Amino acid sequence: MIKLSGLILKFRIVIILITIILTIVMAYFFRNLEVDPDVFNYLPDSDPKAMLFREIGDKYGGNYTGIIGLETDNVFKTSTLEHIRQITDSLEIIPGVGTVTSLTNIIDIKGSDWGIEIGNLVDKYEIPVTAEELDSLKVYTLSQEMYRGTLVSEDGTFTAVMVKISEGVDKLAVAAAIKEKVESLDLPEKLYFGGIPFALKSLADIILGDMAFLAPITALVIIMVLFLSFRSWRGVILPLLTVAISVIWTIGLMGLLHIKISIISDVIPVILLAVGSAYTIHVINRVRQTATELPGQGLKESLAYIIIPVFLAATTTMAGFISFIFGSYLTMISTFGIFMALGVAFAMILSLTFAPSVMAVFPEKNKPGQPLGVHRNDLLNKLLNRIFTTVFNHPRRVILAWSIILLTAIAGIFMIERKVDIIDYFKKSDPAHISEQIFRDKFGGSTPVYLTVKGDIQDPALLNMMRQAAGFMEQSESIAHTQSVADLIEEMNEVMGEGKSIPDEKAKVEQLWFLLEGQEIMEQLVTYEKDEGLVTATFSSGDVDKMQDFVNSLQNFIGSNPDWQGKIDFTGLPSLYLQIDHSLINSQMQSLMYATLLVLLLVAIILRSVKRGIDAIIPILATLLVLFGFMGLVKIPLDIATVLVGSVSIGIGVDYAIHMITHFDHEMKDGGDVSHSLNHAIMISGRAIIINVLAVALGFMVLMFSNLVPLQRFGLLVAVTMLTSGAAALTLLPAIILITNKFKVQN
């Protein structure tokens, strides 16, 4: 490695110039960056439920429905009805809006002297004005299942305007235009915006805000830790500079490749700031500890030593992120893993090339006769000395203490919960969360369920099939209401005096159907060719177990009717949420397994020792147990962000074990005994570990200021795992090394 370090220092000017040029080029591609917070856009094309969900959007004018809620003392007032009409008419002309449904344009089927009269519930050109007319409208509306609990609350104080966004448009832009238009009307009623489009728009705004707000705070926290640790501006600037460049390269590459920023990838800058700084910290720490009165030679020797530990630490960290590629259901998670691995690679390369080059061009001055890095009797030195003394004198007690901690953690693992509902991404005080909760209370929520029936939809048998399936769904306490063309046919049949049922003869169905032709609602319920019909429903709960019970029961019900096979299928957000939930578990298990095996393999190959590979894994396994135990004990659920923590912890946390092991082995090869080698490893590498633990832990804790709840949890958990893995590397690992070396200790 002496030759390699010599070449790096020889071409230091070239390296600095190339780094600057590449950084400018990559920064240019920031202009291509786009945000896509829609989790469902990252569903794999091979998933049948996801495919059906997208097909329904294409056939029926979109599957993303926004809800605008108006709250007042009484919906059935002339002024309020006029405001509903204003909103409806205003939104219908916005590009990208498919359909708008409200009290002022919803279909109404009544009997008349001439048979059936099909019109609107409220004539928007003749809105009722007298108290008698308004009371009559209220009584009638609240008596109809089609309106009560769907467009108006049972107490008549809340109404909803449903807006379906077309396929093939920028849904976030349309949602923003809708909200802006409604708010510009300056209505006196209290407004709420719910449903997937508005939730996604809120997510996009939060993501952009987090990237602009959290990254600088993370940098500030790391600056404080580094300055207090190294007491020099070079010790602060170099780690931040190298990691800032790696962030620019990573995000710039995403822009170059037109990879959109997701709810997960928006934390890449924060993670890289916290993680990538570690490599330059270890380089600086080694240089300061081993520098002599000949700075040039000291830098060359220090760099030659640190190349292997930093390379090994970085590759194992990359292995942790690469493990997300395996078994990941959501493509945004695998994309996150790929670009985080690339970011770590960039940070490693820069720490071993750019940072030493800058150090060579701008050498740090030291007092004559005093090498850089000699630390007086400071607080950190005292702490490290206490750790060494405790571990060296009482290794078995250290292992016993860890055993007690791990047994407690194992008990907590069985208490872990799971969360996949998008509303859980927001704080309870966030308008998006408040709106969704109100819509669930008033209308059963905004989570759609879709059931498709293929065949001649005018066939009474298929219409009855739709009603049976809808009737079964309505038995679930989580289904608020259903709607299909079968409901309209039944209602028309009842008005005709034939009873609320599907006519037995197709000819009668066709007669009733003729009266429905041209009605806007038909486009949302039946295909133009009349070869498929849609049953829509609203699921009122975000509970995973309730979703699973509903999906299982509906699947079993369909399967119990042999004649229905191939004709009926279903999808919707509960089905997709469950797919995400299952993937969280599978992805967690597979990514942890792959990450552990990759780390073990890499360490064993590079250090040429399977035993050393196992030694490096032990602190990480202990950390994982503490992590999941902590999640269970403090009720932090497994969600779309916290599922990443395990593999991230393996990749980052193993760095500490690697630096301890390589330092210990290096000292042993130089003729040191176990006591001297372990002391040297703890006092020197341990110092860099503690600095890095503090920088990473505090850096990740910045995420607790995020407005996205999953990222808050993610930041806390990574901070916990960093503290745990650092403690394990400095206590549990040395204790195991002592015992496995059969060194006699005095207890």
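Student: What makes the residues around Phe714 count as its contacts, and which residues are they?
Tutor: Contact means that heavy atoms lie within 4.5 Å, and on that basis Phe714 touches Ile271, Ala641, Thr642, Leu644, Val645, Val648, Phe700 and Leu703, with residues up to four places away in sequence not counted. This is a predicted model, in which local features need pLDDT of at least 70 and side-chain atom pairs count only at pLDDT 80 or more, whereas totals for chains, interfaces and linings use all residues. Residues are numbered from 1 along each chain as its sequence is written, and side-chain values use heavy atoms, with hydrogens and water left out.

Student: Which residues touch the most other members of the largest nonpolar core?
Tutor: A nonpolar core is a set of buried Ala, Val, Leu, Ile, Met, Phe, Trp, Tyr and Cys residues joined through side-chain atoms within 4.5 Å, and in the largest one, which has 242 residues, these are Ile68, Ile178, Phe336, Val485 and Phe714. Helix H25 (residues 709–740) supplies the largest share of this core, 15 residues, helices (H or I, at least four residues) and strands (E, at least two) being DSSP runs numbered from the N terminus. Another core, of seven residues, lies apart from it and includes Ile67, Phe158, Tyr192 and Phe443.

Student: Why is Ile568 called buried?
Tutor: Buried means under 20% relative accessible area, exposed means over 50%, and partly exposed is in between (1.4 Å probe, protein chains only); the value for Ile568 is 9%, and therefore Ile568 counts as buried. Ile568 lies in strand E10 (residues 568–572), and its contacts, leaving aside neighbours within four places in sequence, are Leu451, Thr452, Val453, Met465, Ala469 and Ile558.

Student: What makes Asp89 and Arg85 a salt bridge?
Tutor: A salt bridge is a side-chain nitrogen of Lys or Arg within 4 Å of a carboxyl oxygen of Asp or Glu, and the closest N and O atoms of Asp89 and Arg85 are 2.7 Å apart, which meets that limit. Side chains of opposite charge can pair when their charged atoms come close. Both residues lie in helix H4 (residues 78–92), four residues apart, about one turn of the helix, and they belong to a network of salt bridges that also links Glu82 and Lys124. By this rule the count comes to 20 salt bridges.

Student: Why is Asp89 partly exposed, whereas Asp615 is buried?
Tutor: Asp89 has 21% relative accessibility and therefore counts as partly exposed, while Asp615, at 4%, is buried. Asp615 forms a salt bridge with Arg612, the closest N and O atoms being 2.6 Å apart, and Arg612 is also buried, because its relative accessible area is 10%. The two residues lie in helix H22 (residues 610–633), three residues apart, about one turn of the helix.
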